[in-house]
Every structure is written in C-alpha cells, then in structure tokens.
Amino acid sequence: MPLLLLDLDNTLLDRAGPFRRWGERFLDGIGAPHTDIDWLLSIDADGLTDRWDLADAIRDRYELRIPSIDLVEELHDGVVAQTRLDPLTACALRIADDAGWVPVVVCNGTVRVEDAKIRRTGLDQYVADWVISEEAGVSKPNPRIFALAAQRVRMPLRGAWVVGDSPEADIGGAAAVGLPSVWLHRGRTWTDVRFAPSHTVDGLIAAVATVLAR
C-alpha cells in the first residue's frame with residue numbers, strides 16, 4: 001500500500017476562501033472600507049506572511065488598540081472557524097483509501113491551528129495520520145518531514161506520491177526526496193527551473209485521479 005502525502009492549506013482544505021470571509025467580517029467590524037479586502041489579501045500573501053507581522057500591519061493601518069497577541073488569536077481562530085471540508089475532497093480520499101493508498105497530511109504551520117482544522121472539519125476521518133512542522137521540528141521542503149510522515153504510519157517512502165499547491169514546499173520537497181508529485185496550479189504558471197512537478201492539475205480531485213491512474 002503506497003503513501004499519498006498531501007498538503008493541507010489550499011490542497012485538502014481551502015484556505016483562500018475562509019481567509020477572505022474572515023477578512024471581510026473583520027473589516028466590517030472595525031468600520032473599514034470593503035475595498036480594503038484587497039489590501040488585506042495582498043499583505044497576507046496567501047498565508048505566507050507571519051501572523052505576528054500581519055497582525056502588526058493591521059494594527060498600524062487602522063490604529064487599533066487591540067494587543068497584537070489578541071489579533072493573532074483572532075486571525076487563527078477566525079480562519080479555522082470559516083474552514084470547511086469539501087464533500088468531494090472527502091469522497092476522493094475515500095476512493096484513494098479503497099484503492100489501497102494511505103493518505104497522510106504533511107503541512108507547515110503551528111499545531112494549534114493546523115490540528116484544529118483537521119479535527120474540526122472532520123478531515124481526520126479520511127486520513128491515516130498527519131505531521132505538522134511545528135511538532136516535527138522540521139518544515140517542508142526538508143526531506144526529513146516526509147520521512148517522519150512515513151514513520152508515523154510505519155510505511156516506506158518508496159512508491160509514495162506528494163500532492164500540494166506550493167512549488168517550493170511541496171514540489172521542491174518531493175524533488176528533494178526523489179518522489180513523483182502533483183502540483184495544484186490554482187491558476188498559476190510553473191516558473192521554477194530547478195525542478196518540476198510530475199503532473200499539473202487544477203484541484204485535489206484531479207490530483208487523486210492522476211495518482212490512481214499511475
């Protein structure tokens with residue numbers, strides 16, 4: 001039974017949508033213009049900006065008196081509360097499992113946030129286990145985190161596939177460990193010349209179908 005190593009945010013679970021919904025509610029709550037959502041999405045950089053830096057940027061722009069730690073908590077909890085598991089994703093994972101694949105989540109982030117997303121959405125019912133960088137002490141694209149994922153479910157890495165939306169963390173990580181990969185392009189064009197995905201698709205359903213076809 002081969003491993004299916006899956007990213008979390010914007011792969012198994014949509015992150016862009018929940019962040020936008022949280023942002024719109026937050027801006028409405030502080031009386032900011034609705035058009036400021038574009039600024040907020042830009043400064044968030046698709047989740048790549050450190051939460052403390054994002055909180056400080058929000059506080060400075062709107063001259064908020066709320067402590068940074070409270071705003072960071074709001075960022076964490078607000079996005080998690082907006083996150084849902086797509087039934088089609090759950091179905092795809094069940095099909096992969098029935099076909100003999102073992103789905104394991106491998107993600108960068110904090111245990112508090114990523115673990116909450118996995119459990120609160122019910123995703124934990126559809127994967128064998130998960131490895132979060134904060135707990136593992138190593139982040140993608142370091143090959144060690146993929147090895148830890150394999151150890152977690154007591155399986156070899158050989159024969160595994162990596163699926164994710166991050167060129168550097170997911171596809172770069174797959175290349176570093178010598179595994180085939182599927183990149184979720186999300187409307188982007190591949191530009192990295194150091195490595196490339198084995199396949200490029202538009203979403204998780206197509207990614208699972210691609211892996212099963214191989």
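User: What kind of model is it, and what are the ground rules?

Analyst: This is a predicted model, where local features need pLDDT of at least 70 and side-chain atom pairs count only at pLDDT 80 or more, while totals for chains, interfaces and linings use all residues. Residues are numbered from 1 along each chain as its sequence is written, and side-chain values use heavy atoms, with hydrogens and water left out.

User: Which domains does the assignment give?

Analyst: Domain 1 covers 3–14 + 85–213 and domain 2 covers 15–82; the bounds come from an automatic or database domain assignment. Taken over C-alpha atoms, the centres of domain 1 and domain 2 are separated by 26 Å. The contact (heavy atoms within 4.5 Å) takes 10 residues from domain 1 and 10 residues from domain 2.

User: What area is buried between domain 1 and domain 2?

Analyst: About 860 Å², with carbon and sulfur atoms giving 46% of that. Buried area here is the accessible area (1.4 Å probe) that two parts lose on being put together, summed over both.

User: And how many salt bridges across that interface?

Analyst: The rule finds 3 salt bridges between domain 1 and domain 2. A salt bridge is a side-chain nitrogen of Lys or Arg within 4 Å of a carboxyl oxygen of Asp or Glu. The structure holds 16 salt bridges.

User: What are some examples of salt bridges?

Analyst: Glu-73 forms one with Arg-112, with the closest N and O atoms 2.6 Å apart. Another joins Asp-170 and Lys-140, again with 2.6 Å between the closest N and O atoms. That pair links distant parts of the chain: Asp-170 is in helix α9 (residues 167–177) and Lys-140 is in the loop between α7 (133–136) and α8 (143–152), 30 residues apart. Helices here are DSSP runs (H or I, at least four residues), as are strands (E, at least two), numbered from the N terminus.

User: Asp-170 and Lys-140: buried or exposed?

Analyst: Both Asp-170 and Lys-140 are buried. Buried means under 20% relative accessible area, exposed over 50%, and partly exposed in between (1.4 Å probe, protein chains only). Asp-7 also belongs to this group, as salt bridges link Asp-7, Lys-140 and Asp-170 in a network.

User: What does Arg-186 pair with?

Analyst: Arg-186 meets Asp-165 in a salt bridge at 3.1 Å, N to O. Arg-186 is in the loop between β5 (181–184) and β6 (199–201), and Asp-165 is in the loop between β4 (161–164) and α9, 21 residues apart. Arg-186 is partly exposed at 32% relative accessibility, whereas Asp-165 is buried at 7%.

User: What about Glu-24 and Arg-20? How far apart are the closest N and O atoms?

Analyst: They are 3.5 Å apart in the Glu-24 to Arg-20 salt bridge. The two residues are separated by about one helical turn, because they are 4 residues apart in helix α1. Glu-24 is partly exposed at 38%, and Arg-20 is partly exposed at 34%.

User: Switching to rings. How many aromatic pairs does the search find?

Analyst: It finds 5 in the whole structure. Rings of Phe, Tyr and Trp (its six-membered ring) pair if their centres lie within 6.5 Å; planes under 30 degrees apart count as stacked, over 60 as edge-to-face and the rest as tilted. One of the pairs is Phe-19 and Trp-22, which is tilted, at 5.7 Å centre to centre and 40° between the planes. Phe-19 and Trp-22 are 3 residues apart in helix α1 (residues 16–29), so about one helical turn separates them. Phe-19 is buried at 1% relative accessible area, and Trp-22 is buried at 4%.

User: Which residues do ring pairs link into a cluster?

Analyst: Phe-19, Trp-22 and Phe-26.

User: Which charged end sits over the ring of Trp-39?

Analyst: That of Arg-61, 4.4 Å from the ring centre. The rule asks for NZ of Lys or CZ of Arg within 6 Å of the ring centre and within 35 degrees of the ring normal.

User: Last one: what do the buried residues of α6 pack against?

Analyst: They pack against α4 (68–82), β2 (102–107) and β3 (129–132). The buried residues of helix α6 (residues 111–120) include Val-113, Ala-116 and Ile-118, along with Glu-114, Asp-115 and Lys-117. Just after α6, Gly-122 has a positive phi of about 85°.
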